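I opened my notebook to look around this model one piece at a time. Here is what I looked up, in the order I went.

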Amino acid sequence: MDIINLRFLDVLDIVFVAFLLYYLYKLVKGTVAVNIFIGIVIIYLMGSLTELLQMELLSSVLGEFIGVGMFALIVVFQQEIRKFLLMIGSTNFTQKGKFFTQLRFLKGDLETSTNVDDIISACEAMGQSYTGALIVIQKNTNLDFVKNSGDDMNIELNQPIMESIFYKNSPLHDGAMVIEDNKITATRVILPVSNDRSIPLRFGLRHRAAVGITEKTDALALVVSEETGQISYVKDGEFVMFESTDELIERIKKDLL
């Protein structure tokens, strides 16, 4: 294509494709889906190569495999596709200028507005007192469909407020807390519970609810066990391992960007 004849729509087309690929990468980054995606790409390239070299038998076998690849992709990436569609259809995606802040790959590193340090400090304190807690941090997907089950709030996020809400004698302690940016926007929220049988039996309903909401949305979830005081971090329906609270803080800050 002659660069001189490059139209504005051609540039826009390239930007939209880059934007789409960027979000697909964000959805599968850090999950086993990355390895599956790479495997599919390798098979596609092998199919193209065998066709070019006129290796008819192998080419036909790989061609048949690639022919049903779209159905396989829908099955394998069902969770990622659901999150992508939820993200695109989310009202928060275009509100408050968030649409343009998604173009972070065109800018320098940005910092999250959420006070992650206070969140983890509160979780540590609640863990020491064996106070159970379930915290959901919203990203792009709108969480109104679960917030409607709880009490609306509009409280500036800080450690004492979080601890007081989850205090066992507090009327607001039961259910999940939803955090948006740096505000607590809902308490006593009822979350969808995951039916994943691979979740260890030692984990209770709080952990299953954390897995459930992160399976259905791109939100992040933190759980403080009232039995052990242990803090669990859940992302994309999976438990994320960490060695220290400092590492956990850095992980959450990175995942919020």
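**Entry 1: helix 11 and its charges**

I started with R251 and E247, which are 4 residues apart in helix 11, so about one helical turn separates them. Helices (H or I, at least four residues) and strands (E, at least two) are DSSP runs here, numbered from the N terminus. R251 and E247 form a salt bridge, with their closest N and O atoms 3.2 Å apart. I noted the cut-off: a salt bridge is a side-chain nitrogen of Lys or Arg within 4 Å of a carboxyl oxygen of Asp or Glu. Side chains of opposite charge can pair when their charged atoms come close.

Next I checked how open the two residues are. R251 is partly exposed at 34% relative accessibility, and E247 is partly exposed at 26%. The scale I used: buried is under 20% relative accessible area, exposed is over 50%, and partly exposed lies in between (1.4 Å probe, protein chains only).

A reminder to myself: this is a predicted model, so local features need pLDDT of at least 70, side-chain atom pairs count only at pLDDT 80 or more, and totals for chains, interfaces and linings use all residues. Residues are numbered from 1 along each chain as its sequence is written, and side-chain values use heavy atoms, leaving out hydrogens and water.

**Entry 2: other salt bridges**

How many salt bridges does the structure hold? I found 8. One of them joins K253 to D117, with the closest N and O atoms 3.1 Å apart. That pair links distant parts of the chain, since K253 is in helix 11 and D117 is in helix 7, 136 residues apart. K253 is partly exposed at 26% relative accessibility, and D117 is partly exposed at 34%.

I also looked at K235 and D255, whose closest N and O atoms are 3.0 Å apart in their salt bridge. K235 lies in strand 6 and D255 in helix 11, so this pair ties together parts 20 residues apart in sequence. Are K235 and D255 buried or exposed? Both are buried.

Then I zoomed in on strand 3. Of its 5 residues, 5 are buried, so strand 3 is largely enclosed by the rest of the structure. A176, V178 and E180 point one way, while M177 and I179 point the other way. Strand 3 runs parallel to strand 1, joined by 3 bridges, and I179 is the bridge partner of I137. With strand 4 (residues 183-189), strand 3 pairs in the antiparallel sense over 4 bridges. In the hairpin of strand 3 and strand 4, 2 residues sit between the strands, and D181 takes a positive phi near 55 degrees.

**Entry 3: the nonpolar cores**

Which residues have the most contacts inside the largest nonpolar core? They are I119, I135, I137, M162, I179, L222 and I252, in a core of 26 residues. By definition, a nonpolar core is a set of buried Ala, Val, Leu, Ile, Met, Phe, Trp, Tyr and Cys residues joined through side-chain atoms within 4.5 Å. Helix 7 gives the largest share of this core, 6 residues. Another core lies apart from it, with 19 residues, among them A209, I213, A219 and V223.

I listed the neighbours of I135, including I119, M162, I179 and L222, not counting residues up to four places away in sequence. Contact here means heavy atoms within 4.5 Å.

**Entry 4: a serine in strand 6**

My last stop was S232, found in strand 6. S232 is buried, with a relative accessible area of 6%. Not counting residues up to four places away in sequence, S232 touches F203, H207, A221, L222, V223 and F239.

Terms used: Pairing = 2+ DSSP bridges.
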